Amino acid sequence: MEGFDYKSYDGLGIADLIKKKEIQPKEVLTEAIHTIEKHNPQLNAVINRFYEKAKKEAENVDINGTFAGVPMLLKDIAQEVQGEKITSGSRSLQTYRAKVDSEYVKQLRKTGALFVGQTNVPEFALMGITEPEYYGPTRNPWNLNHTPGGSSGGSAAAVASGMVPIAGANDGGGSIRIPGAYCGLFGIKPTRGRTPVGPNFARHWQGASVDHILSRTVRDSAAILDEIRIHEKYAAFYAPPFEGNYLQLVQEAPSSKWTIAFSVKSPLGNVIDNDCKEAVLKTAKLLESMGHQVVEVDVPVDGRKIAKSYLTMYFGEVAAGLAALEDVLGRKAKMADVESTTWMLGLVGKATSAEEFVLGIREWDKAAIQMEHFHETYDLLLTPTTASPPAKIGELEPSKSEQAALQFAGKLSLGRLMKKAGIVEQVAEKNLERTPFTQLANLTGQPAMTVPIHLTSDGLPVGVQFMAAKGREDLLFSLAGQLELTDDWVPVQSNPFYMKKE
């Protein structure tokens, strides 16, 4: 297709051109590969490439697929492609090859999307920034000195820069919404149990983690969820059924007005950046102008208890993950196999009792019931997505003294002592204070989305988050489609990398 401007189309737009035979999948793939190779040296978003496999698959694309021939990147954790590396951002897994496609990947294949590679993640997806020691940091297309967030930071940077229109992501504590907010993208964490899990696991992070995508348009996200939502045999959880069509909801004007609660108070009680507050207040006024009823409220959940229960799960999952490395390495994992912070998190997990773990999960259930009652009065909850704009690269790394303490304690296996001293919890909470709003939806199982609604004076995106009751992605997509048509929606095309001419 002469004059084809690859970056100007979303996924559905590209698929439409292919179905009309105005362009061939291999031509689109060539453009995607060219764009990745042009931008990636500066962004470090893509760490594994599947180009040759994608070229072969482009020869036999089923043009009936919703995303027929659309180039897509997958995240380098949980989204396995048979025979390809899946390293979870860790040096310990550099020789591992996936034995089968994950269920998520199997469902995506049915859409006709072409997988062109994998995106960078923090080691084992443990951080809200993407700065693994093995691969190095991913940088934000809006400003290279800043993080794109994490753990789906590589996917966010790839989509925001125009490498691909959609990329795989997952969210166990905000890992779709945080990078979505920091890169000016749309991202929704679906209801627990809505998207495929397995075949190797029936739950990720006790059900807190859910797979979906990051996208530049709301309609691409809705169309993907229409295709992959499933009530499947491997899942440990069941999402309330939805018989409608998410894409249709995005494209139709809402038939009703909603009561929307909002809050700009941090669940942890820390200071919220003025830009993040402004984004919410501006959105509240916009919603009122649309006819919705908007009310400021206090969220009826103890934020510190939620944070503690989240960290208890987090420590336990790291310990279990390190233990599971034995199946890959053929021996028990050693400190040298992983980053020192990861090792220390695992030691604290080992020092965490089953009693603490169960009590933490009970807090999730309490919060879920509290939020169900909340949504009997309020259709949606609006908050900042994050408490601050994107940090600078390296800003959230442990200090030299913290790093020395972690290494010393790690070598001596002083997990119980470090847990008692609270040093690891302090490092973890320092990161959580920048992103205290996203974990609640993961623990209660609710759907939540980030929408790009504000830029700081420095030109960095910050998003606003909406949460709905379990199973009500329909409300979120309907509202997002409405907001996307307003002048307040920040166009991702205005970032420096997206605007670069070929």
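Helices α10 and α11 sit roughly perpendicular to each other, because an angle between 65 and 115 degrees counts that way. The angle here is about 105°, and the two axes lie 7 Å apart. This is a predicted model, so keep that in mind as you look around.

Let's stay with this pair for a moment. Helix α10 covers residues 303-329, and helix α11 covers residues 340-350. On the α10 side, the contact is made by Y314, F315, G316, V318, A319 and L322. From α11 come T342, W343, L345, G346, V348, G349 and K350. Sorted by type, the residues of this contact are eight nonpolar, four polar and one charged.

Now for another pair of helices, α7 and α17. Which residues does each one span? Helix α7 runs over residues 218-228, while helix α17 takes in residues 473-484. They pack at an angle of about 160°, with 10 Å between their axes. Anything over 145 degrees counts as roughly antiparallel, and therefore so do α7 and α17. Their crossing is left-handed. V218, S221, A222 and L225 of α7 make the contact, together with E473, F477, A480, G481 and E484 of α17. That set splits into five nonpolar, two polar and two charged residues.

| Helix pair | Angle | Axis separation |
|---|---|---|
| α10 (residues 303-329) and α11 (residues 340-350) | about 105° | 7 Å |
| α7 (residues 218-228) and α17 (residues 473-484) | about 160° | 10 Å |

Next, have a look at F374, which lies in helix α12 (residues 354-377). Its relative accessibility is 7%, so F374 counts as buried. What does F374 touch, once residues up to four places away in sequence are set aside? The answer is A261, V297, P300 and L381. The C-alpha atom of F374 is also 8.4 Å from that of V299, although the two residues are 75 apart along the chain.

Finally, a few spots in the backbone are worth a visit. The peptide bond from G150 to S151 is cis, with omega near 5°. S151 belongs to the loop between β3 (114-119) and α5 (153-161). Another cis peptide bond links G198 and P199, where omega is about 5°. You'll find P199 in the loop between β5 (186-189) and β6 (210-215).

Two residues other than glycine have a positive phi: N44, near 55°, and A78, at about 75°. N44 is in the loop between α2 (25-43) and β1 (46-49). With a relative accessible area of 18%, N44 is buried, since the cut-off is under 20%. As for A78, look in the loop between β2 (71-75) and α4 (103-109).

Key
Residues numbered from 1 in each chain as written. Predicted model: local features only at pLDDT ≥ 70, side-chain atom pairs only at ≥ 80, totals over all residues. Heavy atoms only, no water. Axes fitted to C-alpha atoms, helices over the stretch in contact; angles between N-to-C directions. Helix = DSSP H or I, 4+ residues; strand = E, 2+ residues; numbered from the N terminus. Parallel < 35°, antiparallel > 145°, perpendicular 65-115°, else oblique. Left-handed = near helix turned anticlockwise from the far one by under 90°. Contact = heavy atoms within 4.5 Å. Nonpolar A, V, L, I, M, F, W, Y, C, P; charged D, E, K, R; others polar. Buried < 20%, exposed > 50% of the residue type's maximum accessible area, 1.4 Å probe, protein only.
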